[in-house]
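I opened this entry to keep track of what I looked up. My notes follow the order in which I went through the structure.

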Amino acid sequence: MKPTTTEFLPAATVRGELVERLSRSGRYDMAVIGGGATGLGVALDAAARGFSVVLVESHDFAKGTSSRATKLVHGGVRYLAQGNISLVREALHERTTLLANAPHLAQPLPFVMPSYKFWEAPFYGLGLKMYDALAGKAGLGPTEFLSRKETLGCLPTVRTQDLKGGVKYWDGQFDDARLALALARTAAREGALLVNYCAATGLVHEDGKLVGLTVQDQETGQCIDIRAGCVVNAAGVWVDQLRLQDGQAIGRTTTPMVAPSQGVHIVVDRSFLPTDHAMLIPKTGDGRVLFAVPWLGKTILGTTDTPRNDLAREPLPFSEEVEFILGETGLYLGRAPGAADIRSIWVGLRPLVKPPDEDGGSTQTLSREHTVLVSKSGLVTVTGGKWTTYRAMAEDVIERCTAARLLPPRIGVLTEHLKLVGACDSSHKISEAPGAHLYGSESHLVRDLPGADRQLGGGLTEAMVRFAARYEYARTVEDVLARRSRLLFLDAAHARAVAADVASVLRQETGIDPQLQAFLALCDQYLALPR
C-alpha cells in the first residue's frame, strides 16, 4: 500500500486518561452529543478549524444507525426518480470526496441492473445517463448497456430465464463502522476530545440560555459538568429526547421532528452472487429498490423501509421484512436464498425528518435531506441526511452555529481535502474478505503488536484486538466483533465462536469485564428469524 498522507503515530485511547481530561477541562467552544457519522463529522470539522471540541457518546461510536447502513456511498438513484436533484447533486460531490479521503475504506463499486423486459434497459438506462450527467467530473465511470452475455459475465448467478441484458453504472461502497472510527480518530488527531460510553444526562441552562451539559461515565458512574459555548445535538433518531429536555427547561413546547424508519439487511454467503458487481433491483413488487451487494467476502441483501415508533438500540426485524427480502431477491437469483442460508440479520433505524403535518404513516416518501435547527436557548440539533453527505452536513452545522453567534467566524483546515487516519491507496477491494488491508497505512503498526500471527477467525488476529483496545476506543467484545471487526454483521455464528478468545485478550488490555455473555446473547439475536 502506498500512503496518501503523512503518517501519524496513533494516539492511545486510554480510558482513564480520557475521562480525567474530561473532568479537568474548562470551557469548550463546542460540545457534541452523539458519536455517529453526523456527530463525528461535526466534531472533526470544528476541530479542524481550530475550535476546542468535546464529543460524548452514550454507547460506542457508530453503535446505532452509522454501523447498519447498506454499505453504499451513493448519490441516490431513487432520489433522482423522486425529482430531488439538489440532494443527488450534493451526494454525488460528497461521494467523490469520501472516496478520496479514505480510499482504504471507501471505493468505487459497479452496479448492474438486469433487465427481463425489452423496455427496462432503455428506460432505466436513460435515468442512469442523467445520473452520470449530474455527477459530471465527479463520475466514477460511464453507464453502459450490457448484452445478455455481458450481464451474465458481471452477475454469473443471476436468473437466466427471460434475461434480455442489463445496465451497468457506478457508485461506491464502504465499511461504515470503520469509517466512523477513522472520523473519531482523525478528530482526536485534530485536537478534539472524544469519549464513548459517556452519556449526556442533562442540559445546563442559565437565564434561558444553554451553557453546557452534564455527562456520566457509564463505566464508573462519575458525573461531570461540561461548559460549552455551543452544544450540538447529533443523537440521530434520539435527538427529540434532548430537544424535549431543552424545551422543558425554557418553558417551550417541543414537537417531535424525527419519524424513524427501519431498514433490515440479510447477509448470505458470497456463493449466491460470486462477483465484485452489486445487483440493483429497481422496482420490487411494492415499488421499492433492492440491492444485493458484495461486502467483506459476503453478500448483503436489503433493505426495507418500515415505520417504527420505538427506538430500541437493537431493533428486531419483522417477519414480513425478512420474507420480502428473501422473496424478491429469489426472483432475480438462479438459486434463491432461504432461511437456512442466513448468516446474520441486522436492523438500522433511519432518522428521517418528519414534516409538520406528517401523521406517522409511510416513510418511503420522506426526505433524506438533513435539517439543522437552533432552539431559543441555543441548542443546535442536526438530524436526517445520509452517510454519504456527513461532511456537508457538518459544514452546514458550523455555518448555522456561526450565524447564530454561538461560534465566532473562523476558517481553518477544511475537511474536503483532509485525509482520514489510515488513508492510503489500496489494491484490495471492500468486497474482499476482511484483513489487515482495512487498516490502510497503519497495517504495519498492527502487525508489530503481540499476536499478529495468531488468527482468531474471520480475518481477525489477536493483534487487531489489542490495536482496537489501545488505539480505537474498544471496551467490549461487541465493540471489537461488531464495529472494529465486522464479524457479527457478516457471520453471527462465527462471531460467537471467537468471542471467548476476544474477551480474553480484552481483559488483558483493559482490566475490565468485556461483557462476553451480553455479546453471546446478541449473536443469538442476529441469527434468530422473526416469528
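**Around helix α12**

I began with the surroundings of helix α12: its buried residues pack against α7, α11 (443-447), β21 (455-457), β22 (460-461), α13 (477-484) and α15 (492-510). I note that this is a predicted model. I then listed the buried residues of α12, which are Glu462, Ala463, Met464, Val465, Arg466, Phe467, Ala468, Ala469 and Tyr471. That is nine of the ten residues of the helix (residues 462-471), so I put α12 down as largely enclosed by the rest of the structure. Just after α12, I found Tyr473 with a positive phi of about 65°.

Arg470 is in helix α12 and Glu509 in helix α15, 39 residues apart, and I noted that the pair links distant parts of the chain. Both ends are partly exposed: Arg470 has a relative accessible area of 29%, and Glu509 has 23%.

**Other salt bridges**

How many salt bridges does the structure hold? I recorded 36. One of them joins Arg483 and Asp60, with the closest N and O atoms 2.7 Å apart. Arg483 lies in helix α13 and Asp60 in the loop between β3 (53-56) and β4 (72-73), so this pair ties together parts that are 423 residues apart in sequence.

Are the two partners buried or exposed? Arg483 is buried, at a relative accessible area of 1%, and Asp60 is buried, also at 1%. I found both in a network of salt bridges that links Asp60, Lys63, Arg68, Glu314, Glu478, Asp479, Arg483 and Arg484.

I also checked Asp276 and Arg270, whose side chains meet in a salt bridge at 3.0 Å, N to O. Asp276 counts as partly exposed at 25% relative accessibility. Arg270 is partly exposed too, with a relative accessible area of 26%.

**Helices α2 and α7**

My last entry returns to α7, one of the elements that the buried residues of α12 pack against. Helix α7 (residues 176-189) packs with helix α2 (residues 37-48) at an angle of about 25°, their axes 9 Å apart. That angle makes α2 roughly parallel to α7. I wrote the crossing down as left-handed. On the α2 side the contact is made by Ala37, Leu40, Ala43, Leu44 and Ala47, and on the α7 side by Ala180, Leu183, Ala184, Thr186 and Ala187. Sorted by class, the contact has nine nonpolar residues, one polar and no charged ones.

Definitions and conventions
Residues are numbered from 1 along each chain as its sequence is written. This is a predicted model: local features need pLDDT of at least 70, side-chain atom pairs count only at pLDDT 80 or more; totals for chains, interfaces and linings use all residues. Side-chain values use heavy atoms; hydrogens and water are left out. Axes are lines fitted to C-alpha atoms, for helices over the stretch in contact, and angles run from 0 to 180 degrees between N-to-C directions. Helices (H or I, at least four residues) and strands (E, at least two) are DSSP runs, numbered from the N terminus. Angles under 35 degrees count as roughly parallel, over 145 as roughly antiparallel, 65 to 115 as roughly perpendicular and the rest as oblique. A crossing is left-handed if the near helix is turned anticlockwise from the far one by less than a right angle, and right-handed if clockwise. Contact means heavy atoms within 4.5 Å. Ala, Val, Leu, Ile, Met, Phe, Trp, Tyr, Cys and Pro count as nonpolar, Asp, Glu, Lys and Arg as charged, and the others, Gly among them, as polar. Buried means under 20% relative accessible area, exposed over 50%, partly exposed in between (1.4 Å probe, protein chains only). A salt bridge is a side-chain nitrogen of Lys or Arg within 4 Å of a carboxyl oxygen of Asp or Glu.
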